[in-house]
Amino acid sequence: MNTKYLISPNFSNFYKFSPKLKVAVLASGKGSNFLNLLNLSFNNELDIDIKILISNKKDAGCIKKAIDFNIPYLTLIEENFNNKDLFEKEIINILKANEIELIVLAGWMKIISKKFVCEFKNKIINIHPSLLPAFKGRKSIQDAIDMEVHFTGCSVHYVEEEVDSGKLIIQGVLPIKKNDNKDTLTKKIHFLEHKILPYAISEAGYQIRNSFKDMKKKDSSLHS
Ligand code: GRF
């Protein structure tokens, strides 16, 4: 067993998707998770087709990564819309126009409304740097240090209306060492995030593709 971290469930392979799973990434920050997904996708290790990056920050690092990999991207600033509803409507329209199957929130620093969640029920996943349900919110890494917990980590979950809630898909756990600070812990958590997010995408994609097949089966049995 790897003693530095623990991942559960222990998925050992990625599902194969043919055609590739159509994914949109929503991100506001540096985009290290996005970059990891780009590499896995371009190396044909993970069968995803990243159709678009949407960012809400003009100079976010993730945008540069989209440019480097020639991935279409859009910067949508909420303040440029009359209200949140119109901002989200624009995002929803873009996701629909691109026939996105799975939306990955990889450091998307915006709360998603109930309407948005309902439009894409069980098709939005989020990565969060704590062992949910502990330490929800934006300061989760510092909160874990302040609470002097011995273990922390990261979680990927389906997105529900309530922030950082929703069914867990996968978690990674690591110990907090005495000499850890916010920077060292953030690095370790990022490393673990890059391990777990691709498995979560694979798992969520499998569920999405299979429920679609089930729907088709049901549909054809109704018509036979
Ligand atoms: C990650 O720690 C993620 O858990 C949180 O935002 C951070 C994004 O990091 N939601 P990056 O932009 O992928 O480097």
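Helices (H or I, at least four residues) and strands (E, at least two) are DSSP runs, numbered from the N terminus. This is a predicted model, in which local features need pLDDT of at least 70 and side-chain atom pairs count only at pLDDT 80 or more, while totals for chains, interfaces and linings use all residues. Residues are numbered from 1 along each chain as its sequence is written, and side-chain values use heavy atoms, with hydrogens and water left out.

**Ligand site**

- The ligand sits in the largest pocket, a pocket being, on a 1 Å grid over the protein atoms alone, an open set of points where a 1.4 Å probe fits, with protein on both sides within 12 Å along at least five of seven lines; a molecule sits in a pocket if more than half of its atoms lie within 2 Å of its grid points.
- Two or more residues of the shell around the ligand come from each of α1 (32–42), β6 (124–128) and α6 (182–223).
- Around the ligand are G29, K30, G31, S32, N33, G107, I127, H128, P129, H190 and E193, where a residue counts as near if one of its heavy atoms lies within 4 Å.

- Oxygen atoms of the ligand lie 2.7 Å from a polar backbone atom of G31, 2.6 Å from a polar side-chain atom of S32 and 2.4 Å from a side-chain N or O atom of E193, a polar contact being a pair of N or O atoms within 3.5 Å.
- Taken alone, the ligand exposes 370 Å², of which the protein buries 87%, with areas from the Shrake-Rupley method and a 1.4 Å probe.

**Helix α1**

- Eight of the eleven residues of α1 are buried, so this helix is largely enclosed by the rest of the structure; buried means under 20% relative accessible area, and exposed over 50% (1.4 Å probe, protein chains only).
- Among the buried residues of α1 are S32 and N33, which also belong to the shell around the ligand.
- Just after α1, N44 takes a positive phi of about 55 degrees.

**Backbone geometry in loops**

- Most residues other than glycine have a negative phi, and most peptide bonds are trans.
- The loop between β1 (6–8) and β2 (21–27) holds P9, joined to S8 by a cis peptide bond with omega of about -5 degrees.
- E99, in the loop between α3 (84–97) and β5 (102–105), has a positive phi near 50 degrees and counts as exposed at 54% relative accessibility.
- D164, in the loop between β7 (151–158) and β8 (168–175), has a positive phi near 55 degrees and counts as buried at 10% relative accessibility.

Terms used. A polar contact is a pair of N or O atoms within 3.5 Å; within protein, one must be able to donate a hydrogen and the other to accept it, and residues adjacent in sequence count only if both atoms are side-chain atoms. On a 1 Å grid over the protein atoms alone, a cavity is a set of points where a 1.4 Å probe fits but cannot get out, and a pocket is an open set with protein on both sides within 12 Å along at least five of seven lines; lining residues have an atom within 4 Å of a point.
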